[in-house]
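Please open the model in your viewer and keep the sequence panel beside it. The stops below are meant to be selected one after another.

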Amino acid sequence: MTEIPDFYNDLDSAYAEAWRLLDDGVTNVRAPFHLPAVATIGTDGAPRVRTVVLRQADRAGPWLQFHTDRRASKVAELQADPRIALHFYDRAAKVQLRVRARADVHGMDAVARGAWDQTRAFSRVCYRIDPGPGTPLNVPDGYAEPEPDDPDVGFETFRVVRAHVQEIEWLYLAGQGHRRARFQLSADGYEASWLTP
Ligand SMILES: Cc1cc2nc3c(=O)[nH]c(=O)nc-3n(C[C@H](O)[C@H](O)[C@H](O)COP(=O)(O)O)c2cc1C
């Protein structure tokens, strides 16, 4: 029989464990939470989903952050409708998180500058790609990734998506009975309730 973790029957512990896994997802590149699936609403109203790298998690905010390119479809989608959802699943931890949030897109501001200063040289290459992401090509390699002397080239197209968390849904799979909970976040903290898994 597997050991019962503290968070199994305790909402506050489950909430803390959710943020612990998110923090670990930022710093541990091998953690499954490092690569969430992020959903937006397409400009045609249909859902869109893709993998991103989780770059920051701030429980106090509360917000989650990833980086992208101004020219990526998701930026126009979020500018038209800031509703965003993030999905995380850690098979070993047996935890799924479904996060609902509203996104702010930061470019050419202090948030973008702070994040850009943290990026490594090889990551900056993506933001110099020409033509921009999603452009149809006549040949598979019909794009260039210039490597200019100025390391700041690419900052103009670099964007930070900060997803202000509104709700976290927790699902913990366990042989002795699954546990599902909803955390509704506000400026005052969160309201938590158990749900039928
Ligand atoms: C492992 C992995 C990590 C990725 N990380 C990012 C990321 O951090 N930001 C990003 O914009 N795209 C990232 N991508 C690419 C996206 O999944 C997607 O293909 C691209 O951003 C275009 O999406 P869009 O047209 O919906 O904007 C990643 C893809 C993979 C497979």
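**First stop: helix α1**

Begin by selecting the buried residues of α1, which are Leu11, Ala14, Tyr15, Glu17, Ala18, Trp19, Leu21, Leu22 and Gly25; buried here means under 20% relative accessible area, exposed means over 50%, and partly exposed lies in between, with a 1.4 Å probe and protein chains only. An α-helix has 3.6 residues a turn, so residues three or four places apart point the same way. Now show the whole of helix α1, residues 11-27, where 17 residues at 1.5 Å a residue should span 24 Å, which agrees with the 25 Å between its end C-alpha atoms. The expected span of a helix is 1.5 Å times one less than its number of residues.

This is a predicted model, in which local features need pLDDT of at least 70 and side-chain atom pairs count only at pLDDT 80 or more, while totals for chains, interfaces and linings use all residues. Residues are numbered from 1 along each chain as its sequence is written, and side-chain values use heavy atoms, with hydrogens and water left out.

**The whole chain**

Zoom out to see the chain, which holds 4 helices and 9 strands; these are DSSP runs numbered from the N terminus, with helices being H or I of at least four residues and strands being E of at least two. Along the principal axes, the C-alpha atoms fill a box of roughly 55 × 35 × 35 Å. Of the 197 residues in the chain, 40% are buried.

Next, select residues 22-106, where UniProt, in an unreviewed entry, places the feature "domain: Pyridoxamine 5'-phosphate oxidase Alr4036 family FMN-binding". UniProt positions are given in the numbering used here, feature names are shortened, and annotations may be inferred rather than shown by experiment. In this model the span is 16% helix and 47% strand, and its end C-alpha atoms lie 21 Å apart.

**Around the ligand**

Which residues surround the ligand? Select Leu35, Arg50, Thr51, Val52, Val53, His67, Thr68, Ala72, Ser73 and Lys74, where a residue counts as near if one of its heavy atoms lies within 4 Å. By class, this shell has 4 nonpolar, 4 polar and 2 charged residues; Ala, Val, Leu, Ile, Met, Phe, Trp, Tyr, Cys and Pro count as nonpolar, Asp, Glu, Lys and Arg as charged, and the others, Gly among them, as polar.

Now look at individual distances from oxygen atoms of the ligand. One such oxygen is 2.7 Å from an N or O atom in the side chain of arginine 50, and an oxygen atom of the ligand is also 2.7 Å from a polar backbone atom of threonine 51. At valine 53, a backbone N or O atom lies 3.0 Å from an oxygen atom of the ligand. A polar contact is a pair of N or O atoms within 3.5 Å. The protein covers 58% of the 610 Å² of accessible area that the ligand has on its own, with areas taken by the Shrake-Rupley method and a 1.4 Å probe. The elements that give two or more residues to the shell are β2 (47-51), β4 (63-69) and α2 (73-80).

**Loops and backbone details**

Move to the loop between β3 (56-58) and β4, where you will find alanine 60, which counts as exposed because its relative accessibility is 72%. Alanine 60 and alanine 187 are 127 residues apart in sequence, but 9.5 Å apart in space, C-alpha to C-alpha. Proline 62 is in the loop between β3 and β4 as well, and the peptide bond from glycine 61 to proline 62 is cis, with omega near -15°.

Another cis peptide bond joins aspartate 130 and proline 131, with omega about 0°, and proline 131 is found in the loop between α4 (121-124) and β7 (158-172). Most residues other than glycine have a negative phi, and most peptide bonds are trans.

Select lysine 94 in the loop between β5 (83-90) and β6 (95-106), where phi is near 65°, a positive value; lysine 94 is partly exposed, with a relative accessible area of 28%. Methionine 108, in the loop between β6 and α3 (110-118), also has a positive phi, of about 55°.

**Last stop: strand β9**

Finish with tyrosine 190 in strand β9, residues 189-195, which counts as partly exposed at 26% relative accessibility.

Notes. Polar contact = N/O pair within 3.5 Å; in protein donor to acceptor, adjacent residues only side chain to side chain.
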